[in-house]
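Please open the model in your viewer and keep the selection tool at hand. The stops below move from single side chains out to the whole chain.

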Amino acid sequence: MPIPVVHYDDHPNDIAMREHAYRQARALYEAAGAVEVHEVPPDPSIHKLGTCRMSARPEDGVVDRFGRAHEVPNPFVSDGSQFTTGAAENPTFTIVASPSGRPNTSSAR
């Protein structure tokens, strides 16, 4: 059975924004008297959002409101990638509350 191989690279804008954040944080910490400031690489478990956009029509996104793929029969996306943007908080509760986060979605249809 074929399996997907997923590879992720930061977009140049992601790198630029991260570098800007590092500079701003360093300036803030040093102004507050920090003796050392360490730049920690991003955690690989961060919440990537928007890579499989949810939409009513296949032309506008990858999955329907249940997280089911428009163009490939039966796979479901049940993580934050179906959201077009993030809120101010961790998306975990929204993911769990969404129809694709519930295991009975496919049998209910």
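Begin by selecting E30, which counts as partly exposed because its relative accessibility is 43%, where buried means under 20% relative accessible area, exposed over 50% and partly exposed in between, taken with a 1.4 Å probe and protein chains only. This is a predicted model, in which local features need pLDDT of at least 70 and side-chain atom pairs count only at pLDDT 80 or more, while totals for chains, interfaces and linings use all residues. Residues are numbered from 1 along each chain as its sequence is written, and side-chain values use heavy atoms, with hydrogens and water left out.

R26, with a relative accessible area of 28%, is partly exposed.

Keep R26 in view and select E39, whose side chain forms a salt bridge with that of R26 at 3.9 Å, N to O. E39 lies in the loop between α1 and α2 (92-97) whereas R26 lies in helix α1, so the pair ties together parts that are 13 residues apart in sequence. E39 is partly exposed, at 43% relative accessibility.

Now move to E59 and R57, where the two side chains meet in a salt bridge of 3.7 Å, N to O. E59 is exposed, at 60% relative accessibility, while R57 is partly exposed at 45%.

Finally, show the protein as a cartoon and follow its elements from the N terminus on, where they run α-α-α, with three helices and zero strands in the protein. If you then colour by accessibility, buried residues make up 17% of the 109 residues. A surface display shows an accessible surface of about 8700 Å², of which 58% belongs to carbon and sulfur atoms, the areas coming from the Shrake-Rupley method with a 1.4 Å probe.

Key: Helix = DSSP H or I, 4+ residues; strand = E, 2+ residues; numbered from the N terminus. Salt bridge = Lys/Arg side-chain N within 4 Å of Asp/Glu carboxyl O.
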